[in-house]
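The sequence and the structure come first, and the notes follow.

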Amino acid sequence: MKLLITGGAGFIGSNFIHYILGKYPDYKIVNLDKLTYCGNLDNLKEVENNPNYKFIKGDICDKEKVTEIFENEKPDFIIHFAAETHVDRSILDPYAFIKTNVLGTHILLETAKKFGIERFLHISTDETYGSIENGKFKEEDILMPNSPYSASKASSDLLARSYFKTFSLPIIITRSSNNYGPYEYPEKVIPLFISNILEGKKVPLYGTGKNIRDWIFVLDNCEGIDTVLHNGEIGEIYNIGGGNEKTNLELTKIILNELGKDESQIEYVEDRLGHDFRYALDIEKAKKIGWEPKHSFEEAMKKTIAWYLENKDWWRKLKQEEFGKYYEKQYGER
Ligand code: NAD
Ligand code: DAU
């Protein structure tokens, strides 16, 4: 079995590659990644010499490159993670989000249609549904994305679905909630807050801190994607949620407490534009095909914090590079 993984040098993609190579010794992986600011080959150092793993630097928007890869590699499955992923950056400059998330996905769909594929797993997000005050989103609910990021992801999600309906391309879609774990780029709230505290800085909490996210340990998501890939029905959509709802203030206090700090480290800052209040997913459909999250939030958060403590060089390097420029732009304008 050969898997073409796009965006495998990012947070979830690299965790997924480690997971698959560990679980399926006869699977081969081709990782196509552009290595944008958040694509990081340090995440894959342990597997770079694994004979079942191959890295190709390339852009999913490059039609010739994508065609060449399908021609040479003849993948059985594609798991499409590659995307621009940070909501705040999509507010500052949406162009790259439309290009990669919409046009890049379209190029992958067209190429898969041309060459044929056994399964095309499109990685979507709970943010495509928009915000929900009460209850939980089900897969058939309408999509009401609120940021340029989530609108671009909703567009790619719907394009993928249309390639199933119109061309019978064997699409499956997962929509997951907020992941946490090792290798997450330190612009996202959990690694940003942990690393800020370790650097002796304050943590910038948006608005009132009352917004709610549903957190899932990244390995639970990897297992969810694996289950959907092997047991999911073609043409279907599966929510992959952690069932751990926390306000951002609750989450911040957990991190502060674990690192022996108090709330004086919090700096309340101006809210994110269009900030979604709450995400929550109904996961009954994924449960029916044999998946549910296994990790307890308390344990997995402790492990995650310990990983960032033990891997300071990993995030320090990133914070010194491109991230510094972004952070200046983000907060310089406030
Ligand atoms: P990430 O930002 O950490 O990684 C994205 C990866 O895609 C990087 O390695 C980057 O180099 C690569 N990439 C970007 N543009 C590319 C292009 N044009 N061509 C080839 N590669 C490109 O993202 P992540 O958090 O790992 O998210 C992975 C996927 O999961 C995304 O599709 C995201 O929308 C989705 N998702 C993420 C979360 C989450 O909590 N992180 C939750 C739900 C869904
Ligand atoms: O829900 C899935 C989504 O989760 C994915 O589709 C996105 O790719 C991923 O980035 C993530 O989006 P969020 O916007 O929820 O994640 P982020 O870490 O940016 O923010 C989480 C919450 O924390 C959100 O309510 C905003 C808040 N926040 C974030 C940052 C970066 C702060 O209060 N301060 C911050 O500095």
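Asp276 is buried, because its relative accessible area is 6% and buried means under 20%, exposed over 50% and partly exposed in between, with a 1.4 Å probe and protein chains only. Asp276 sits in the loop that joins strand 12 (266-269) to helix 9 (284-288); helices (H or I, at least four residues) and strands (E, at least two) are DSSP runs numbered from the N terminus. The model is predicted, so local features need pLDDT of at least 70 and side-chain atom pairs count only at pLDDT 80 or more, while totals for chains, interfaces and linings use all residues. Residues are numbered from 1 along each chain as its sequence is written, chains are lettered from A and ligands numbered from 1 in the order in which they are written, and side-chain values use heavy atoms, with hydrogens and water left out.

**Positions and distances**

- Asp276 and Ile197 are 79 residues apart along the chain, and their C-alpha atoms are separated by 25 Å.
- Ile197 is part of helix 6 and is buried, with a relative accessible area of 5%.
- From Ile197 to Asp26 the C-alpha separation is 42 Å, for 171 residues in sequence.
- Pro75 and Lys2 are 73 residues apart along the chain, with 5.0 Å between their C-alpha atoms.
- Pro75 is found in the loop between helix 2 (63-73) and strand 4, and at 8% relative accessibility Pro75 is buried.

**Ligand 1**

- The shell around ligand 1 holds 28 residues, of which Ile12, Asp33, Thr85, Tyr149 and Lys153 come nearest; a residue is near a molecule if one of its heavy atoms lies within 4 Å of it.
- Polar contacts are pairs of N or O atoms within 3.5 Å; within protein, one atom must be able to donate a hydrogen and the other to accept it, and residues adjacent in sequence count only if both atoms are side-chain atoms.
- An oxygen atom of ligand 1 lies 2.9 Å from a backbone N or O atom of Gly10, and an oxygen atom of ligand 1 is 3.0 Å from a polar backbone atom of Phe11.
- A nitrogen atom of ligand 1 is 3.0 Å from a backbone N or O atom of Ile60.
- The protein buries 97% of the 830 Å² that ligand 1 exposes when taken alone; accessible areas come from the Shrake-Rupley method with a 1.4 Å probe, and for residues only the protein chains shown count as cover.
- Helix 1, strand 5, helix 5 (148-167) and strand 7 (178-180) are the elements that give two or more residues to this shell.
- Strand 5 supplies the largest share, three residues.
- By class the shell has eleven nonpolar, 13 polar and four charged residues; Ala, Val, Leu, Ile, Met, Phe, Trp, Tyr, Cys and Pro count as nonpolar, Asp, Glu, Lys and Arg as charged, and the others, Gly among them, as polar.

**Ligand 2**

- Around ligand 2 there are 23 residues, the closest being Asp126, Tyr149, Asn178, Arg272 and His275.
- Oxygen atoms of ligand 2 are 2.5 Å from a side-chain N or O atom of Asp126, 2.9 Å from one of Asn248 and 2.7 Å from one of His275.
- Of the 680 Å² of accessible area that ligand 2 has on its own, the protein covers 94%.
- Helix 3 (87-92), helix 6 (189-198) and strand 8 (203-206) are the elements that give two or more residues to the shell around ligand 2.
- The shell residues of ligand 2 are ten nonpolar, six polar and seven charged.
- Ligand 2 lies between domain 1 (2-179 + 216-240) and domain 2 (181-213 + 244-276 + 296-323), because both give residues to its shell; the domain bounds come from an automatic or database domain assignment.

**Nonpolar core**

- The largest nonpolar core has 41 residues, and Phe16 and Ile79 touch the most other members; such a core is a set of buried Ala, Val, Leu, Ile, Met, Phe, Trp, Tyr and Cys residues joined through side-chain atoms within 4.5 Å.
- Elements that each supply at least two residues of this core include strand 1 (2-6), strand 4 (77-80) and helix 7 (218-231).
- Helix 1 gives the most, seven residues.

**Positive phi**

- Ser168, in the loop between helix 5 and strand 6 (171-176), has a phi near 55° and is exposed at 57% relative accessible area.
- Tyr183, in the loop between strand 7 and helix 6, has a phi of about 70° and is buried at 12%.
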